Amino acid sequence: MSFIKQKKKSEEQIKNIILIGNPNVGKSVIFGILTGQYVVVSNYPGTTVEISRGNAGFHGNKYQVIDTPGIANLLPMSTDEVVTRDILFEEKDSVIIQVADSKNLARTLLITLQLAEMKIPFILVMNMMDEARERRINIDFKKLSKMLGTQVFPTVAISRTGTDKILPAIEKADVSTYEFKYDPFIEDAVKKIEGYLPDFPISKRSVAIMLLSEDMSLNKWLDEKLTPQGREEIQGIIRDTRKRYPDPLEIVINKERLQNTDRLIKEVAVIEKAPRKGFMYNAGRICMHPVWGVPILIAVLTLMYFFVGKFAAGTVVDFFMGTVFGNAVEGTGIINPFIARVLESIIPIKFVQDLLVGEYGLISVGITYAIAIVLPIVAAFFFFFGILEDSGYLPRLAIIANRVCKWAGLNGKAVLPLILGLGCGAMATISARILDSPKERMLVILLLALGVPCSAQLGLIMGMLAGLKSYAFFIWLFIVLGSMILVGFIANKLIPGETSDFILEIPPLRFPSLKNIAVKTLARIEWYLREAVPIFLLATLFLFFIDKVGILQIIRDMAAPVMAKILSLPPEVTDSFMMGFLRRDYGAAGLLEMARKGMLSNNQILVSMVTITLFLPCVAQMFVIIKEKGLKTAVAVAAFVFTFAFIVGGLLNFALNALGVVL
Amino acid sequence: MIDKDERDQSLESPLCDICKHHAVEIDTEIDELLETIWVLREKGKVTENHYRESGAGNVILDNLDRLKKMNLIYLKEGHVTFTDGGEKHARDLIRRHRLTERMLTDLFDIPRGRIEAPSCQFEHILSEEVTDSICSFLGHPSTCPHGRPIPPGECCKKLTKTITPLVIPLVDLMPGEKGRIVFIATKDRRRLRRLSSLGINPEGIVTVNQKLPTVVIHVDETEIAMDHALVSEIYVKRITDNG
Ligand SMILES: Nc1nc2c(ncn2[C@@H]2O[C@H](COP(=O)(O)OP(=O)(O)O)[C@@H](O)[C@H]2O)c(=O)[nH]1
Ligand SMILES: [Zn+2]
């Protein structure tokens, strides 16, 4: 375990500020305020899966601010909690800011008591005061501060109310003076164990209590730090104490802590009985209503379809493609013909011209696709997703979808990564970490690779299918969803392991702040431009070269019979599929171009759309899968998805022909 | 052979006293006989002929004289009938036995196949007071896990109006109802911690908001959605608004 590493002495000691607290209490917002840096803020518990670090300064003092994954208890249960707890051990010269949801005092104080026990300096930021006030929870902060012996600040982070007091308070942060005693037998054991413990960044008392709670994550540390004899003694004490109680010690200790928080709450808070009503509350209830929840879900998806599929992928893309960028060969639009003309006059080298504005030109295809086609769609999706996320709709969606997810061996929680997959498969594959069991993570990664199109691709698909008979879209949807459920159902049987319990905290429905959504969307677009556009250009370059040396033609020739026989598609579609591996949306963009030029019949559009939706995930996503699950699994996933896509596409083509359907 | 009074007394006394009694062996034997008669009666078998036909009945035929002598049953035209004393005694035994079965399955999740042996022991040793407490705790259940009726006791009669059980699984609350958590019957510690970290602890007050498509409950100011399986492990006492 790394927390015992000695800290290197740097000349200028920069103090650490560590933000800890329950999930979804506003840590990320406060991190942003303190550092001026943006991290993804969302109204969904458990989304901070990575630790963010940033810098803050006040009156010449420099700090490093660390945002940690949300925790419920400092007795670690999940990997997130181990991460957070270990940071507390590791960062010796640090001040903790406990960020709390003021309306949930009990859960807040459970953590506070443990921090007090550890004897680390901390301050308590009681955030979300607006919501607490709305619910008539009155907290006597002066009294709370006095009882805890630490500074306490009420804030409303989203409107920056009270947050200016945080940094000035850091220098004065001190260890809490609050102490309480456990049951005599436990106290007795704590005393005895303390005697065997070496010095430690946190109080021996708290370590002793963790040991009594049978915190397995400490075992390794015990092995390293203690003599086998000392270890044996401690184990003996724990065994003896355990015998005194019918329940596991962990539960006994937790119970006592809870009783203590209750006592504190009675002292400092008055909760008037306020009826939990109001528009947002009722709206929140309706979103997860067994009956009304479904039409609302359909309405949300329809809205998304119109916004992303019709408006962004249709109107906006047409405008950018047709009017702004255009096509040099056809002489439409402004930018492409203009650049082509300029190039002709300054660099009269055919190769360079081809490289930039040719059939696979970096500008005529790479930049044009990335900016004119994909960007508007991605932006629209991220904006829409931001609203879903910040309003608190997503967890409600998880409730509605829980049943369906169960068929595929998942639970409602899987909805978040799957929906995020509509934004970007790579991002979503990373976020599969929020799921509890390895099996579920594997299932979600597989399904993301198989059937979840990213927003740009989805937008394009929606845009293209919108031109067909109205039921074409539903055939596509039915096949893709059906494939996912079928594959999930079978994989659930094949992959060993268990589905975890579905427990999810439902945050209140909130009016999303437009500013936060704008900032978030911009941050995600920036991420897209930085991560995706280079891959676009690389992909174009790749195609350009294999076209020049003739490999593309060879691959096309090889793929042509497959394309023609199984899918009844023209050989040029191969290019799109190859591009699709580099970026899924890129492939769909190629198909859209072909459709715009009238190279595909309506049936061919549907078949190619279904096949490319199920086709390989993009390179970026493949890399993430390799990183998360290893090369072997990634190759297996790819091989399966590849074969499956063509089988389903072939079956669809066959069915359309056999039934004589003309779309 | 001991007389009835002494036996009754031994039933009322705690286990250690019973152990001291030498007569315990015979005691349980009589108890088993009375129970067998009760169960056969539930199946409509009440005559000596019936007894002869069914395997279990033969034991009773062998002991008819003993039971008659103890004034627990009487015979009339081949019909075996309990005396008032016998009826009460048998009924209490059955009640204790089946309540124990209920307790073992509902509270402790012991599989049905393994409840018989402990139930047979408890039925001889529980005092009436303890039995009624268990009955109230379980919410005056009307049948055993095998679906046979549990004879009601005094406690049940007093509460005939509120048939609502005292301690029920949280899933049994209707949407909008509130309960105080009594215990969480899970052996999975991770689950327990998980629940605990969300504020679901004994003594906590929960409100059920909805049950479909997924159960959503309210604890403090937190709304939590969870699987049916989890919610059925949480046992609560229903709280009505008037107290
Ligand atoms: N009403 C209200 N909402 C807040 C406040 N602070 C943060 N939020 C919202 O709470 C949600 C969770 O915030 P976030 O910073 O992601 O929480 P974290 O998981 O602790 O990092 C977001 O939707 C925020 O906009 C506050 O003071 N009042
Ligand atoms: Zn009763």
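At 0% relative accessibility, Thr261(A) counts as buried. Buried means under 20% relative accessible area, exposed over 50%, and partly exposed in between, with a 1.4 Å probe and protein chains only. This is a predicted model, in which local features need pLDDT of at least 70 and side-chain atom pairs count only at pLDDT 80 or more, while totals for chains, interfaces and linings use all residues. Residues are numbered from 1 along each chain as its sequence is written, chains are lettered from A and ligands numbered from 1 in the order in which they are written, and side-chain values use heavy atoms, with hydrogens and water left out.

Thr261(A) lies in helix H11 (residues 249-268) of chain A. Helices (H or I, at least four residues) and strands (E, at least two) are DSSP runs, numbered from the N terminus. Beyond its neighbours within four places in sequence, Thr261(A) is in contact with Ala106(A), Leu109(A), Leu110(A) and Leu113(A). Contact means heavy atoms within 4.5 Å.

Helix H3 of chain A covers residues 105-118. H3(A) has 14 residues and reaches 20 Å from its first C-alpha to its last, close to the 20 Å expected at 1.5 Å a residue. The expected span is 1.5 Å times one less than the number of residues. Of the 14 residues of H3(A), 14 are buried, so this helix is largely enclosed by the rest of the structure. Lys119(A) follows H3(A) and has a positive phi, near 60°.

Helix H22 (residues 470-494) of chain A has 25 residues. At 1.5 Å a residue they should span 36 Å, and the end C-alpha atoms are 37 Å apart, which agrees. The buried residues of H22(A) include Phe473(A), Trp476(A), Ile479(A), Val480(A), Ser483(A), Met484(A) and Val487(A). An α-helix has 3.6 residues a turn, so residues three or four places apart point the same way.

Two helix pairs illustrate packing. Two packed helices are described by the angle between their axes and the distance between the axes. Axes are lines fitted to C-alpha atoms, for helices over the stretch in contact, and angles run from 0 to 180 degrees between N-to-C directions. In chain A, H14 (residues 335-346) and H15 (residues 350-357) pack at about 165°, with their axes 10 Å apart. H14(A) and H15(A) are therefore roughly antiparallel to each other. Angles under 35 degrees count as roughly parallel, over 145 as roughly antiparallel, 65 to 115 as roughly perpendicular and the rest as oblique. The crossing of H14(A) and H15(A) is right-handed. A crossing is left-handed if the near helix is turned anticlockwise from the far one by less than a right angle, and right-handed if clockwise. Ile339(A), Ala340(A), Leu343(A) and Glu344(A) of H14(A) meet Gln353(A), Leu356(A) and Val357(A) of H15(A). This contact has 5 nonpolar, 1 polar and 1 charged residues. Ala, Val, Leu, Ile, Met, Phe, Trp, Tyr, Cys and Pro count as nonpolar, Asp, Glu, Lys and Arg as charged, and the others, Gly among them, as polar.

Chain B holds 11 helices and 8 strands. Of its 243 residues, 49% count as buried. In chain B, the axes of H6 (residues 84-106) and H8 (residues 128-138) come within 10 Å and cross at roughly 45°. That makes H6(B) oblique to H8(B). H6(B) passes H8(B) in a left-handed crossing. The residues of this contact divide into 5 nonpolar, 1 polar and 6 charged.

Val206(B) lies in strand E5 (residues 205-210) of chain B. At 1% relative accessibility, Val206(B) counts as buried. Val206(B) and Val219(B) are 13 residues apart in sequence and 4.9 Å apart in space, C-alpha to C-alpha. Beyond its neighbours within four places in sequence, the contacts of Val206(B) include Leu170(B), Ile181(B), Ile217(B), Val219(B) and Val236(B).

Some backbone features stand out. Most residues other than glycine have a negative phi, and most peptide bonds are trans. The peptide bond from Leu212(B) to Pro213(B) is cis, with omega near -5°. Pro213(B) is in the loop between E5 and strand E6 (215-219) of chain B. Asn24(A) has a positive phi, near 60°. At 18% relative accessibility, Asn24(A) counts as buried. Glu77(B) has a positive phi of about 50°. Glu77(B) is exposed, with a relative accessible area of 76%.
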